[in-house]
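Good morning. Please have a look at the structure on the screen while I go through it.

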Amino acid sequence: MIRNVHTRRFPRPVPPELLATLGTEDDRLWPVADWPPTRLDGPLVPGTTAGHGPVRYVLEEVAPDRLRFRFTAPTGLHGFHEFTISGDALTHVLEGTLHGWTRLSWPLVFRPLHDALLEQLLDRAELAVTGRVSRPARWSRYIRFLRALARNRSRSPRPSATLRA
């Protein structure tokens with residue numbers, strides 16, 4: 001079982017409409033400049049499918065102060081992630097069980113990347129709520145290394161299925 005929580009408090013209440021921008025053209029949360037964008041296949045209503053990079057999910061619950069998504073991919077992750085607003089705080093919780101290769105890839109690759117992304121998302125929330133970011137998140141050397149690996153992997157030529165020796 002994994003439980004990963006990121007919370008940030010602000011000097012004023014978080015406007016609930018901030019969550020409604022997630023995955024839209026006016027997204028004020030997701031750090032699209034540095035990460036694959038969250039894409040929703042429809043409006044923010046239960047049943048809408050969504051995802052970012054290799055991660056896929058379906059929207060299960062929608063409230064002015066909460067969005068909960070259930071994972072559908074990768075296949076080795078069973079659980080949910082959710083955003084909640086409680087007064088002056090924004091919290092993201094990821095909870096689930098790991099199976100197969102994700103038991104290894106979550107702690108070595110996906111958790112560090114997830115943590116870096118979430119801290120940048122909270123920076124964007126802080127900017128939306130207060131107009132500035134007091135202490136912007138910084139990437140560790142390991143995060144820069146993982147991102148460089150991913151970038152190089154996405155650029156490497158793949159052998160064509162039609163070319164056979």
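One term comes before anything else: a salt bridge is a side-chain nitrogen of Lys or Arg within 4 Å of a carboxyl oxygen of Asp or Glu. Side chains of opposite charge can pair when their charged atoms come close.

A word on where this comes from. The model is predicted, so local features need pLDDT of at least 70 and side-chain atom pairs count only at pLDDT 80 or more, while totals for chains, interfaces and linings use all residues. Residues are numbered from 1 along each chain as its sequence is written, and side-chain values use heavy atoms, with hydrogens and water left out.

Salt bridges, then. The count comes to 9. Which residues are linked in a network of salt bridges? They are Arg8, Glu119, Asp123 and Glu126. Within it, Glu126 pairs with Arg8, and their closest N and O atoms are 3.0 Å apart. This pair links distant parts of the chain, since Glu126 is in helix H1 and Arg8 is in strand S1 (residues 2–9), 118 residues apart. When I say helix or strand, I mean a DSSP run, numbered from the N terminus: H or I with at least four residues for helices, E with at least two for strands.

Are Glu126 and Arg8 buried or exposed? Both are buried. Buried means under 20% relative accessible area, exposed means over 50%, and partly exposed is in between, using a 1.4 Å probe and protein chains only.

Next, Arg66. Glu82 forms a salt bridge with Arg66, with the closest N and O atoms 3.1 Å apart. That pair also links distant parts of the chain: Glu82 sits in strand S6 and Arg66 in strand S5, 16 residues apart. Arg66 meets Glu61 in a salt bridge too, at 3.0 Å from N to O. Arg66 counts as partly exposed because its relative accessibility is 24%. Glu61 is also partly exposed, at 34%. Glu82 is buried, because its relative accessible area is 10%.

Staying with the strands, there is a peptide bond to point out. The bond from Ala73 to Pro74 is cis, with omega near 5°. Pro74 is in the loop between strand S5 (66–73) and S6.

Now the largest pocket. Rolling a probe the size of a water molecule over the atoms shows where empty space is left. In detail, on a 1 Å grid over the protein atoms alone, a pocket is an open set of points with protein on both sides within 12 Å along at least five of seven lines, whereas a cavity is a set where a 1.4 Å probe fits but cannot get out; lining residues have an atom within 4 Å of a point. Grid points are joined across faces, edges and corners, and the volume is the space filled by probe spheres set on the points.

How much space lies in the largest pocket? About 860 Å³. The lining has 34 residues, and the closest to the pocket centre are Trp35, Pro54, Val109, Phe110 and Leu113. Strand S4 (55–63), strand S6 (77–86), strand S7 (89–98), H1 and H2 each supply at least two lining residues. H1 gives the most, with 9 residues. By type, the lining divides into 21 nonpolar, 8 polar and 5 charged residues.

Leu104, Leu108, Tyr142, Phe145 and Leu149 make a nonpolar patch of about 500 Å². Patches are made of residues with over 30% relative accessible area and no salt bridge; like charges are joined within 9 Å, and nonpolar side chains (Val, Leu, Ile, Met, Phe, Trp, Tyr) within 5 Å. The areas come from the Shrake-Rupley method with a 1.4 Å probe, and for residues only the protein chains shown count as cover.

Which helix gives the most to this patch? H2 does, with 3 residues. Helix H1 (102–130) and helix H2 (141–155) each supply at least two. Leu149 is in H2, and at 44% relative accessibility it counts as partly exposed.

Val93 and Asn4 are 89 residues apart along the chain, with their C-alpha atoms separated by 5.7 Å. Val93 lies in strand S7 and is buried, at 8% relative accessible area.

Note on methods: Ala, Val, Leu, Ile, Met, Phe, Trp, Tyr, Cys and Pro count as nonpolar, Asp, Glu, Lys and Arg as charged, and the others, Gly among them, as polar.
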